[in-house]
Amino acid sequence: MSSTHASELVTSVLGGLKAQMTDFVFQNWFARADFSFVDEKTVKMRVGSKFARDWVCDNYLGQLKNEFYKKTGCETEIVVVCETPATKTGTDSTGVLLSHPQKTTPKKEATFVATNNLGLGLNPVYGFSHFIVGAENRFAHAGAQAVCEAPGKNYNPFFVYGSVGLGKTHLAHAIGLSILEKNPNKNVVCVTGETFTNEVIHAIRFDKTTELRKKYRFADVLIIDDIGFIAGKEKTMEEFFHTFNALFDSRKQIILTSDKPPRELEGFDERLKSRFAWGLSADIGKPSFETRCAILMHKASQKGVTLSDEITFEIAKQVSTNVRDLEGALCRILAFSKLNSFSLSLDLAKTVLSEFLGKTVLTVESIQNSVANNFGVEIRDLLSARRLKKLAHARQVAMYLVKKHLPLSYPEIGQKFSRDHATVMHAVGKIEKLVEQNTTLKLQIENLEKNWNF
Ligand code: ADP
Ligand code: MG
């Protein structure tokens, strides 16, 4: 392909994309990117950061490929690379992501560091001072503090339960950290149920059960995070049962976390389940709007940022699932504004949130896609000249919806469908009438509109 042709093609693809998104999004992800052809069917898109590369791959590859398809009539492979100064002169291998839709890899657990060789496995960030108390975790928090006052005496075991991302691990680590802070000589051992299981398997395999028992049975405080993991694993449960008894009898503190209360745990025998409930069980619920706001402000200030009330309210309003998601949304917004040197505005927060939450921005393209999916036709057929009845009907519905929801004129809509304005007028009028007469079509269209997730 000649370089003039390539550059015209890219300009026209970018023009098509620009019409489908807000100026803000286009400027941010596409205006500064650099495109080059590796061969006839492969385009390399260079962006300035790994964040941008992941973002484009996660959110815009489909649209980009579609635009190339519209202009060239064939599938184009798109390789998005991040070219930092280090990779500019060498290969792109570190920054290459292929154009298959990529899922963001889950955030890695924070690295666990031993505060000293006794506080094994504790994350120093998870202290009480960073744990925000609200109505939903007040009881669990009070229980945790009481445990710290007199480990092994007040509530043994202390069993914290609740669904994912609500702060169970944080609270359990806070107890360990606080006990160590008061008395650095305490032997605090903190592991996940999974690590405990692996250690038991390893000990059995290599005949190291004595070492294993030494590690656990000499603990002053034993934290097992996500005890549910050992369910149904007989040898591990057996080992845990004896460890529990030994520690309990010598008044050592045991702290367990789980996604279910003791009585609802499956795969444990009764003697273990009843032991779980001997001390205090406390649940953590979903944070209320107010708690979410307080957590956001605290997390932002930990990162040295002051969030305005309106941005805090917006994030807390939109993200209500759990604290981990709340943190994820905040991190994206902060990263987005930092990497692009944008000031932190409500508009920016809304844009990032809508992408974060996978909401659709209503554009001609998104309406065409949604109609094509719903009517079981291919987008390329919807935009083609073919007159098959099924296609023509879907095309007319798409035109009708574009007219109904977007402030575009008939000629403008015509352009988007490669038709003249009279065809669009005819289509819109026809579907308007049909919707009045035909309840099935009316319902189908209403359902489709409901699925646009705003
Ligand atoms: P769980 O173990 O229940 O799945 P985590 O303890 O790992 O949840 O919490 C997920 C994230 O949310 C962590 O980064 C944690 O610091 C944060 N978090 C949870 N609850 C709170 C809270 N009440 N105050 C501050 N941060 C919290
Ligand atoms: Mg956890």
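pLDDT is the predictor's confidence in each residue, on a scale from 0 to 100. I start there since what you see above is a predicted model. The average pLDDT for this protein is 86. A score of at least 70 is reached by 91% of the residues.

Where pLDDT is low, predicted coordinates should not be read in detail.

Next, the overall build. We have 21 helices and eight strands. How does the radius of gyration sit against that of a compact globule of 454 residues? The globule would come out near 22 Å, but this protein has 29 Å. Along the principal axes, the C-alpha atoms fill a box of roughly 85 × 60 × 45 Å.

What about the packing? Of the 454 residues, 46% are buried. Take the contacts with a separation of 6 or more: 70% of them link residues 24 or more positions apart.

The accessible area is about 23200 Å². Carbon and sulfur atoms hold 52% of it. As for charge, the protein carries 58 positive and 50 negative charges. Their mean positions are 1 Å apart.

Now some backbone details. Most residues other than glycine have a negative phi, and most peptide bonds are trans.

Where is Pro 157? Look in the loop that runs from helix H6 (138–149) to strand E4 (158–161).

Then phi. Find Asp 207 in the loop between helix H8 (193–205) and helix H9 (209–217). Is Asp 207 buried or exposed? The cut-off for exposed is over 50% relative accessible area. Asp 207 has 68% relative accessibility, so it counts as exposed.

Last one, Arg 251. Arg 251 sits in the loop between helix H10 (234–249) and strand E7 (253–258). Why does Arg 251 count as exposed? Because its relative accessibility is 54%, and the cut-off is over 50%.

Key
Residues numbered from 1 in each chain as written. Chains lettered and ligands numbered in written order. Predicted model: local features only at pLDDT ≥ 70, side-chain atom pairs only at ≥ 80, totals over all residues. Heavy atoms only, no water. Helix = DSSP H or I, 4+ residues; strand = E, 2+ residues; numbered from the N terminus. Rg over C-alpha atoms; globule rule 2.2 N^0.38 Å. Buried < 20%, exposed > 50% of the residue type's maximum accessible area, 1.4 Å probe, protein only. Contact = heavy atoms within 4.5 Å. Areas by Shrake-Rupley, 256 points an atom, 1.4 Å probe, with all protein chains shown as cover. Lys, Arg positive; Asp, Glu negative; His and termini not counted. Charge placed at Lys NZ, Arg CZ, Asp CG, Glu CD.
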